[in-house]
Structures are given as C-alpha cells and as structure tokens.
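Take a moment to turn the model around on your screen before reading on. We'll walk through it together, one region at a time.

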Amino acid sequence: VVTQADPSRRHKRSLKQVVATIVKQQTQHRVNSLFAAKPSTLRFVSNKKEGLRRRTRMGSSFGALDASIEEVEESPSLFVPNQKQPSNAEVPPEADEALKKEYGDFLKLLDDPVLQALVSKRDEYEFNLFAFMQVFPGKPLTTLGYIIFNDHEFPNIFGFTAFDLWYFLRDVELGMRKDVPFHNSAHVADVLQTLHALLIQCKFVEWATSFEVYGMLLACTIHDYDHPGVNNAFLINSRDPLAVLYNDQSVLENHHAASGFGLILNNHASIIDCMPKEDSARLRAMVIGLIQTTDMKLHFSFLSEAQSNLSSMQVLMQEYSYNSEFFEGLEEVDRMILFKMALKCADISNPSKPFDTYQQWTGRVMEEFFNQGDKEKVMGLEVSPMCDRLTTRVYKSQIGFIEFVVLPLFNAFSMVAPWVGERVLPQLLENKERHKKLGEVEQFGLPAPNC
C-alpha cells in the first residue's frame, strides 16, 4: 500500500495580491511560502482493487495575469504537501555539469509565480497551451509533462526519481522534429494535458489504477515520437524505408512505439525497470496497444467495435448511477477500450476546444498537410486529400473532420463519460457551425460572422 501526505486546508487569497507580494519580496523563501499558503483541494481516493491511494485535484482555478484578475478561490501548489521535493541531489554523480545545470535551471523555473499561475489550470479541458507557450516558449512537453506526472505522484508510487522523469521528458522533446508544423512537442504537450484533464473531469482517476493511468500518460508522451510531418499514405506511396520496415502496416504508429521504447530502454530504463518484470512487460504491451489505436486507418473499425461494447456498458452504468464501483469491476479488455477512447479523444480534441485555440491548431495542421502535398507534387505522386494548398478549402475539411471523425468518437465516449456530453460536445457543435458560417462568407461574399 502506498501512503501519501494528508491534504491541508488553507486561506483564500487573490492572485493579484499574491503576485504583488512576490514581486515586492523577491526571495525564493517568500515565493514558496506564498504558494504553499494557498488552499489545497487535494483529496484521496481509495482504489478498492489494488489498495493504492492516489490523489486528484478537483475544481482548481486561476485567473489570467492581467488587470481583470478577480478573487481566486482555490489553486493547488505544484507538489503534494510534505512530498519529497525534487533537487539537484537526485542527479546521478556521473552526469556532466551541463546536464546538472540544465536540471537546476528547470527546477528554478518551476518556482516562477507566473508559471505556477498558468499551469494551475492544467486540470481544465480548456487549458490554453498557446497562452502558456507565449510566456514560456521553450519546452512545453518537458514542463507540463513533469508537472502532470508529479500530479499523479508516479515517481513516489513507482520508485524512480524526479530527475529520471525530467531527463526522459527532456529527451522525448529533443526527439521531436522542430521543422514539423503540427506533430511536434507542442502537440504532444497539448494531447497529454487534454488526456490528463479528461481523466480528472470524467473521474477515471477514481477507479483506474495508478498503473493504468501511468500507462495512458506514458503512451501519450511517446505516441508521436519522431514524427516526420507526413502521413502513412505518403510513406507507403513513396516507398519510404519506414514503410518497408513495417510492411505498410500502421507505419507511423509502429515507428513511434518502437523508437519511443528504444529511447526508454537505451537511456531511461529506470522509468519502467522500477517495477517487477511482469508488470514492466504488461506496461509495454499496454502502451504499444494504445499507440497503435491512434492510426486513423483503424479509426472506424475501432469505433464500430467500441460503440457496441459501450452501449452494453451504458445500460449497466445507469443502474450503478455512473458509480466508480461499476468501472472497478470491468474486465481488462473493456477497461482498455475506455483508455483507448480517452487517448483518441485527446489526440483529435482540437475541434472541441475554444474556437480561437482550435483555429491556431488548424493553421498548423493544414500547413503540415500542404507541405506534404508540395512534396507529393515534386515526387510525381498523387496528392493526398486535404494536402493541395491550391484547391483545399479549410472550412470544408474541418466540417467533414468534425462530422465524420471527431463527433462520432466524442458521442460514443460520452456514453460512458457524461461530462463529455455536457461540457465538450456543445463546443464541438458550435465550432462546426462557425466553420459553416465562414464557408458562407467565402462562397457567397456574405458579411463576416463575429467569430
């Protein structure tokens, strides 16, 4: 049984007061004291099946850092009270001085009051990664990943150090190609945070084991590792060595899983060797299965199978009033369907985010598609759908994507996660209508809608 620190209650403060005091005092001791003084919303949820105790953070909130900041009721600190705090002492003696300095600088960054304010909304589905990157443009995956993995206390539970976690995330981010417009470390950070928010808001953390949540977030972290910025069809049609290696089957997904695990086993084995071999093997199988499910070629067959299972689940769930006891009794195969659904929803969640955020992601993914189309023209290949920058209409592509891919997936997921139906689907439908209005403007020259 893993024991953890008891939550504490603290006094309410406004963010404006906190930041003003921090700026005035300018000492690390004061910064830590101030943020430690915020009210904690930590609570413990007992896992009946494995006796593990894990914490979740419910309802945390922080306002924007501007003159309109109002009173903030609750916001968690980055780490559990009384939990062992990360330090440079965890760095292996054989590590070079440059790596030690880099880790030390990273730990100092975590104490930045502005960063703490921004990431305090990390449990929220509407978290704006672009706002975060505007202030901290360096390494979104390393920073958010480190905080989120610590939120779930994986270093404490599984026995690796905070340095091991940071070093792994750092190398994953370094392995993402910077010249790829969409499938880069920002996308992975966004999917990771979205998955984390879904697990919190849909209350999966109340019944899923720490092992399962770790597997989901680990799969998410490497699910697009070393993405080349082109799709499977391009790799197959161009007879790319990766397509030859994987026999044209889920080429990218196999590459992400294989290269991601290659990175882990060669340089970061501590994050999986911390558990018994049979559990490590089970974790690897789980992660590979989750990553392979993100192959869009398999999307409709998976969704069809999942909908059948979810319909049966929904009837039984209603008898349990969506109580966690129902989920705890599910067979592993049914639990995996839910985990795959959650990861797939997070992976293609952009159209379900606030429209301004969605538009920024759309610009990135369309540029990546157009770059592929340009390459296909040069190579004499047939240009893939939505990849011709001269003929593709963005609004049409997005309406189709929402109608035929995103909406059916989220509708299915809402059968076992009512929160998705209440909070996510309305935004998804609103964004679809906005694209229709933008299409009317382009086609008929109508006045531009207030989008």
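Threonine 357 has a relative accessible area of 7%, so it is buried. You'll find threonine 357 in helix α19, which covers residues 355–379. Leaving out residues up to four places away in sequence, threonine 357 touches Asn128 and Phe130. Keep in mind as we go that this is a predicted model.

Now zoom out. The chain's secondary structure comes to 21 helices and two strands. Of its 451 residues, 54% are buried.

What does the inside look like? The largest nonpolar core has 112 residues, and Tyr146 and Phe413 are those with the most contacts inside it. Have a look around phenylalanine 413: setting aside its neighbours within four places in sequence, phenylalanine 413 is in contact with Leu198, Cys202, Phe204, Leu338, Met341, Ala342, Cys345 and Val420. There is also a second, separate core of eight residues, including Val230, Phe234, Leu242 and Ala243.

Helix α3 (residues 97–110) and helix α8 (residues 162–174) pack with their axes 11 Å apart, at an angle of about 100 degrees. An angle from 65 to 115 degrees counts as roughly perpendicular, so that is how α3 sits relative to α8. On the α3 side, the contact is made by Leu99, Glu102, Tyr103 and Phe106, while α8 brings in Ala162, Phe163, Trp166, Tyr167 and Arg170.

How many aromatic pairs does a search of the whole structure find? The count is 25. One of them joins phenylalanine 149 and tyrosine 214, with 6.2 Å centre to centre and 85 degrees between the planes, an edge-to-face arrangement. Phenylalanine 149 is in helix α6 (residues 140–151) and tyrosine 214 is in helix α10 (residues 210–222), so this pair ties together parts that are 65 residues apart in sequence. Both partners are buried: phenylalanine 149 has a relative accessibility of 1%, and tyrosine 214 has a relative accessible area of 1%.

Another pair brings back Phe204 from our tour around phenylalanine 413. Phenylalanine 204 pairs with phenylalanine 327 in a tilted arrangement, 6.3 Å centre to centre and with 40 degrees between the planes. Phenylalanine 204 sits in the loop between α9 (185–201) and α10, and phenylalanine 327 in helix α17 (residues 324–328), so here the parts tied together are 123 residues apart in sequence. Phenylalanine 204 is buried at 2% relative accessible area, and phenylalanine 327 is buried at 5%.

Arginine 282 lies over the face of phenylalanine 211, 4.2 Å from the ring centre. In another spot, the charged end of lysine 353 sits over the ring of tyrosine 125, at 5.1 Å from its centre.

Go back to helix α10 for a moment and find serine 210, which lies in that helix. Is serine 210 buried or exposed? With a relative accessible area of 1%, serine 210 is buried. Its C-alpha atom is separated by 7.7 Å from that of histidine 152, a residue 58 residues apart from it along the chain.

Finally, let's look at the backbone in two loops. Most residues other than glycine have a negative phi. Arginine 239, though not a glycine, has a positive phi of about 55 degrees. You'll find arginine 239 in the loop between α11 (232–237) and α12 (241–245), and at 70% relative accessibility it counts as exposed. Asparagine 247 also has a positive phi, near 55 degrees. The place to look for asparagine 247 is the loop between α12 and α13 (251–267), where asparagine 247 is exposed with a relative accessible area of 57%.

Key:
Residues numbered from 1 in each chain as written. Predicted model: local features only at pLDDT ≥ 70, side-chain atom pairs only at ≥ 80, totals over all residues. Heavy atoms only, no water. Phe/Tyr/Trp six-rings, centres within 6.5 Å; stacked < 30°, edge-to-face > 60°. Helix = DSSP H or I, 4+ residues; strand = E, 2+ residues; numbered from the N terminus. Buried < 20%, exposed > 50% of the residue type's maximum accessible area, 1.4 Å probe, protein only. Lys NZ or Arg CZ within 6 Å of the ring centre and 35° of its normal. Core = buried A, V, L, I, M, F, W, Y, C linked by side-chain atoms within 4.5 Å. Contact = heavy atoms within 4.5 Å. Axes fitted to C-alpha atoms, helices over the stretch in contact; angles between N-to-C directions. Parallel < 35°, antiparallel > 145°, perpendicular 65-115°, else oblique.
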